[in-house]
Amino acid sequence: MSARGAKRRTSRRRHGDVRLVAGAVGGVAVLGVLTASWTLIWPYLVGALAAGAATAGGWWWRKTDRLLRGGDRRWRHEDAVRAGRRTLAEVDLMEAEDFEEFVAGLCRRDGCTEVRRVGRTHDNGADVRGRLPDGRTMVVQCKRYNPKRKISNSEVRNLLGSRVHFGADVAIFVTTAYFSGPAESCAVHNDVLAVHRDHLGLWNNGVALSALAALNGSGQGDRRHRARRKKTYG
């Protein structure tokens, strides 16, 4: 090794020793200051640790609460579906008032609020009233008909009048039957949610009311479906 290289190595070692000594002296000085002023500093340190622990605990509690609430909502919905599920054959045997309560229960299951059955003589075309989960008011007409009967255009128009009468935001027509072509067209063009027998079966089996809106005006089947339906119900 050359004299210049040895000199550089010695210089680096000397600088390293100086930094080491300086670090040790600084550490001792900080420790001395902490020791000398401990009675003044410790409340702040304890407070900082407590604040950190409280923040971490609050975050954990909120996260756990959200998980528990989410799980509880899912469990309640699934339990409501299991408890309320009926075959459409059972629904066909209901009295008109029972069918209205059945529809009101499905609305409550899906998060609708202020739901109440109001159907009676001179009900102005409303059997169930309430609010959708997003806060919009709704009026529901319920018709438990023989599956081979068709909902007429005039019945849909009666619901439109009911929507105006009650000042509702949304009109929903729920039936155990199907809609005639003109009635279905009238519903779609006037933003009436037409829940016919097939969609009622989906709703009863857990599909949310909000999801049925995307199917409005569809799902009554093609020619083969209609032929099977006619063969089944006459």
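The model is predicted, so local features need pLDDT of at least 70 and side-chain atom pairs count only at pLDDT 80 or more, while totals for chains, interfaces and linings use all residues. Residues are numbered from 1 along each chain as its sequence is written, and side-chain values use heavy atoms, with hydrogens and water left out.

The overall picture comes before the details. The protein chain has 9 helices and 7 strands; helices (H or I, at least four residues) and strands (E, at least two) are DSSP runs, numbered from the N terminus. Of its 234 residues, 30% are buried. Buried means under 20% relative accessible area, exposed means over 50%, and partly exposed is in between, with a 1.4 Å probe and protein chains only. A contact means heavy atoms within 4.5 Å. Among contacts between residues at least 6 apart in sequence, 54% join residues at least 24 apart.

Now to helix H5. The helix covers residues 153-166, and at 1.5 Å a residue its 14 residues should span 20 Å. The expected span is 1.5 Å times one less than the number of residues. The end C-alpha atoms of H5 are 20 Å apart, which agrees.

Which residues of H5 are buried? They are Glu 155, Val 156, Leu 159, Leu 160, Ser 162 and Arg 163. Seen down the axis of H5, these buried residues fall within an arc of 155°, so they line one face of the helix. The arc is that of the directions from the helix axis to the C-beta atoms. On the other side of H5, Asn 158 and Val 164 are exposed. The cover over the buried residues of H5 includes strand E3 (137-143), strand E5 (170-175) and helix H6 (181-189). After H5 comes Gly 167, with a positive phi near 65°.

H6 is the next helix to look at. Its buried residues are Ala 183, Glu 184, Cys 186 and Ala 187. Down the axis of H6 they fall within an arc of 160°, so they too line one face of the helix. Pro 182 and His 189 are exposed, on the face of H6 turned away from its buried side. The buried residues of H6 pack against E4, H5, E6 and E7.

How do the two helices sit together? H5 and H6 pack at an angle of about 25°, with their axes 7 Å apart. That makes H5 roughly parallel to H6. Axes are lines fitted to C-alpha atoms, for helices over the stretch in contact, and angles run from 0 to 180 degrees between N-to-C directions. Angles under 35 degrees count as roughly parallel, over 145 as roughly antiparallel, 65 to 115 as roughly perpendicular and the rest as oblique. Where they meet, Asn 153, Val 156, Arg 157 and Leu 160 in H5 touch Pro 182, Ala 183, Cys 186 and Ala 187 in H6.

Next, the cysteines. How many disulfides does the structure hold? There are 0, where a disulfide is a pair of cysteine sulfur atoms within 2.5 Å. The sulfur of Cys 112 is 4.8 Å from the closest cysteine sulfur, in Cys 107, which is too far for a bond. For Cys 142 the closest cysteine sulfur is also in Cys 107, at 7.6 Å, again too far. Cys 112 is buried at 7% relative accessible area, and Cys 142 is buried at 6%.

Last, the backbone angles. Glu 114, in strand E1 (residues 113-117), has a positive phi of about 55° although it is not a glycine. Asp 191, in the loop between H6 and E7, has a positive phi near 60° and is likewise not a glycine. Glu 114 is exposed at 54%, and Asp 191 is exposed at 61%.
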